[in-house]
Structures are given as structure tokens and as C-alpha cells.
Protein chains: 2
Amino acid sequence: MQNIKSKILEQAKKLFNDKGVSNVSIREIAREVGISHSNLIYHFKDKNELLNHLHQQILNAAVDIDKEISNEENTLKSLFISTVRGFEIIYDYRFFMIDFNSILLENKELHQQIKEIEVFRFRLYEARIAKMIGEDIFRNEMYKNEYEDLIIQIRIFSDYWVSSSQIYEQNPQLSIKKYARLFICFFRPFLTPKGHKIFNQLLSEFEL
Amino acid sequence: MQNIKSKILEQAKKLFNDKGVSNVSIREIAREVGISHSNLIYHFKDKNELLNHLHQQILNAAVDIDKEISNEENTLKSLFISTVRGFEIIYDYRFFMIDFNSILLENKELHQQIKEIEVFRFRLYEARIAKMIGEDIFRNEMYKNEYEDLIIQIRIFSDYWVSSSQIYEQNPQLSIKKYARLFICFFRPFLTPKGHKIFNQLLSEFEL
DNA sequence: TGTATTTTAGACCAAATGTACTAAATAATT
DNA sequence: AATTATTTAGTACATTTGGTCTAAAATACA
């Protein structure tokens, strides 16, 4: 039996996903949960507090993925795993990315936190790429800061593919795999012949 | 002397850029323009009508760019020109991309129009790429639908780079060139040796 | 000049929202 | 069993918002 706080968070997530964060009021969430709005405020003093908790859930899910791939010795495979699982989480909490800018505009602490996480994410990809260059899976840079460019490009793709899918796809949920594949393909031009071999195996293994 | 309609549109654009579309009311725009809210409603019956007109301004600017590059015989150069000019326009109307999803969620006709324009844009890039393959500037596909993937990737980048810059950049306005360069660099892995030569010349010509 | 049309402001309304306050109900603790 | 703390609902309030209606003012026009 789940407690009232998780019920509230669950319903808030659902409403945010369906209607957009700014179109959902505290009162509406309370109504859906079946409690009074003052009771909801007792548990979460405002929308930002709800968003902070939901963001924490996302972070926890991300940490779970990191654990999951920590045993994987195939670096390219761990990239595939974290992408597919990560994209499912992003879809599950899609309101967060769809309303990314307006959320962070009104929540400065969260904005700061996101910026710090981004620094971490950047370094993580740098390390991953360096490792794969060492393993002769990725080639060396063809021009200065080529991989730095790539990491920014995939940051934007990661953050906004779900927004774009909402606009252009008939069934966004069914297109999660499509976008996961597109993300993975960002790395394709940088693969060595050896890398290509592993990559193509993984593509069919993951049915992408 | 500009008329009242363009004054309203100008002020709406400014407020939308500063505060986000959903945080700006008809009344607030009217207050800033210095007219009554009922007068504003007389000219534009609701926010959607304002957004439709502002979107039309964006389209007009895009058409101007197309004219501008229509004389350019260097296909790669016309890509550079349209990118740099296009990114400036996107920044000027950044509210539109930052609130892209919530705008289209509440404006179905505009959503439909955007989807049709996207089909057009897709074909445009297909044609551009095909032309440059013919000119030995781009290489042939290494795998099936490689360029189709690329076009989707750059669509997402085009649509959301300005959102991302708002979140991660100290001074988004100063970073327009940075993102224009990043966009251009999407094409870099696909260049032939001949293409690389022209590309590098253009990079310094455009100071990117 | 007189008439019609367009533009403008102001008042009013109902609905929604965040917030604060109070008191009742429930659970925990001693 | 008594008391203390936590949880819950209800009410009330000020503000904002989109929208409608009316009438005055400005403009165009015949």
C-alpha cells in the first residue's frame, strides 16, 4: 500500500505529462488524488516542491542505470543499454523535458542543480569516448574539439527528443526506440572498422 | 510611424521572450503598450491570434533568407548563410521555440501548419544533400537512410538549440554563433576531401 | 457638414488560483 | 486514558484572467 505522498507525486506526474506543468494547478492534483487542496499543500508547499521530488525520482532512476551498466565490460554495449533505458525514463517523465525551460525559469535551485549535473554528464561522455578511442572503437579527432562538439549535440538531442516527438510523431510512445536509435547513430561516423562491427551486432541485438 | 498592430506584436514578442508565453496575459501586453485590454482584444481576439501573426513574421523572414541564397552558386556557402541568418531569427523569436510544445498544444491549426512546413524542410535538406553528393562535396551513404537520420537530428537541433542555450549559457545572445557552428558541424563527418576544403574556407570566412 | 464606421476605454462578470487561517479528526506517545 | 503531534477538510480572501457589453471618441467618407 503506497502512502499519500507517493500517490500525490504519481498523480502530479500523470497530469503534468497530459496537460503540461503550467496548465495543472495544485487544486486539480488534489482533486484527482481525492484529497483537499490544503492537505496537498501540507505535504508539498507548492508546485516547485512537487517538481523537486519528481526530479529526484528521475535522478534515482539514472543512478539505477549506472549501477546496471557498471558490470558491463563492453563499453559500446553499456552505451546502448543506458540509452535505451534512459530514453524510457525520459518518456515516463516527459513533462520535465517538455517544460524544461519554464520549470527552470521558476525554480532557480533546480536550475543550478541541473547545470551541475550537466558538467558531470559532460565529463562522463568525455571519459567514455576516451576509453573507446583507447579500445580502437572510436577514431581519433579529425579536428580540434570534435568530440566536445559531439557531446553538446547529443546533450541537446537527449534533452529535447521527447519534445520533438510530441510534435511530429503520431504515437510518441511507440517512437521511443526510433529516437534511441537516432541517438546511438550520433556516434556512428566516429567508429573505427572494429567499432562498426561491434556496433552493427549491437544494433540487431537491441532490435534498433 | 508604426501602427498599433505592429506595436502590439512587438511588445508581445518582447514579453514572450522575457517571461515565457504562458506567463504573459493579454492584459499585461495591453498595459505595456499603453492601451486598454479590450482594445487589444479588438485587434487580436486572443493569444493564439497574436502567436499566429508572430509565426507569420518568422515565416516571412525565412522566405527572405531563401531569396537571399537563391543566387548563391556555392551550395555549401548557401548552407552557411541560411544557418547564420536563420539562427539569428530564431533567437529573435526565441519564445516560439522555447514554448514550442505548449504553444502547439493549444493551437491545433498552427500545429498542423508546422507539421506541413517540416515536410517541406525535410525535402529541402534531402535535395540539398543530394545536390552536394553530386558535386562531390558530400560522400555517399555508408548505411541505409543515413542522411534521413541526419536530417531528423538537425531538425531537433534547429528547433531546440535556443532552449538549451537559455539553460546552459551565461549569455545566450553571444552564443548564437557557437550554436550555428555546432549546427554546421553536423555535416562535417559526411564531407569528401573536396568538401572539407570548401568547408574550412567557409568556417574562417564566416568566423565560426 | 453630417453620417457611418472604426477604434478605444471602462465597467462588469464568473471562474480559477495561491494562500492563510481555523478546527476537526486521526494517530502516536506517555 | 490522557495528552500531544500529525494529518485532513473547510472556509474565506485577494488577485488575476479571459471574456462580454456599452458607450464614448476618433476617423473616414459622402
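Start by selecting the residues around DNA strand C. That surface is made of five nonpolar, six polar and four charged residues. Keep in mind that you are looking at a predicted model.

**Stop 1: DNA strand C**

Altogether, 15 residues surround DNA strand C, and the closest are A:S25, B:I35, B:S38, B:N39 and B:Y42. Now colour the helices: α2 (26-33) and α3 (37-43) of chain A, together with α3 (37-43) of chain B, are the elements that give two or more residues to this surface.

**Stop 2: DNA strand D**

Hop over to the other strand. Here 14 residues do the surrounding, and the closest are A:I35, A:S38, A:N39, A:Y42 and B:S25. The elements giving two or more residues to the surface near DNA strand D are α3 of chain A, plus α2 (26-33) and α3 of chain B. Sort this surface by class and you get five nonpolar, five polar and four charged residues.

**Stop 3: where the chains meet**

You'll find 29 residues of chain A in contact with 29 residues of chain B. On the chain A side, the elements that give two or more residues are α7 (100-105), α8 (108-134), α9 (146-168) and α10 (176-185). Which of them gives the most to the side of chain A that touches chain B? Select α9(A): that helix gives the most, with 14 residues. Coloured by class, the chain A side shows 16 nonpolar, eight polar and five charged residues.

**Stop 4: one chain on the other**

**Stop 5: a helix pair in chain B**

Finish by selecting α5 (residues 75-92) and α10 (residues 176-185) of chain B. These helices pack at an angle of about 135 degrees, with their axes 10 Å apart, and that angle makes α5(B) oblique to α10(B). The crossing of the pair is right-handed.

Show the side chains to see who meets whom. From α5(B) come B:F80, B:T83, B:V84, B:F87, B:E88 and B:Y91, and they meet B:I176, B:Y179, B:A180, B:F183 and B:I184 in α10(B). By class, this contact has nine nonpolar residues, one polar and one charged.

How values were computed
Residues numbered from 1 in each chain as written. Chains lettered and ligands numbered in written order. Predicted model: local features only at pLDDT ≥ 70, side-chain atom pairs only at ≥ 80, totals over all residues. Near = placed C-beta within 6 Å. Helix = DSSP H or I, 4+ residues; strand = E, 2+ residues; numbered from the N terminus. Nonpolar A, V, L, I, M, F, W, Y, C, P; charged D, E, K, R; others polar. Axes fitted to C-alpha atoms, helices over the stretch in contact; angles between N-to-C directions. Parallel < 35°, antiparallel > 145°, perpendicular 65-115°, else oblique. Left-handed = near helix turned anticlockwise from the far one by under 90°. Contact = placed C-beta atoms within 7 Å.
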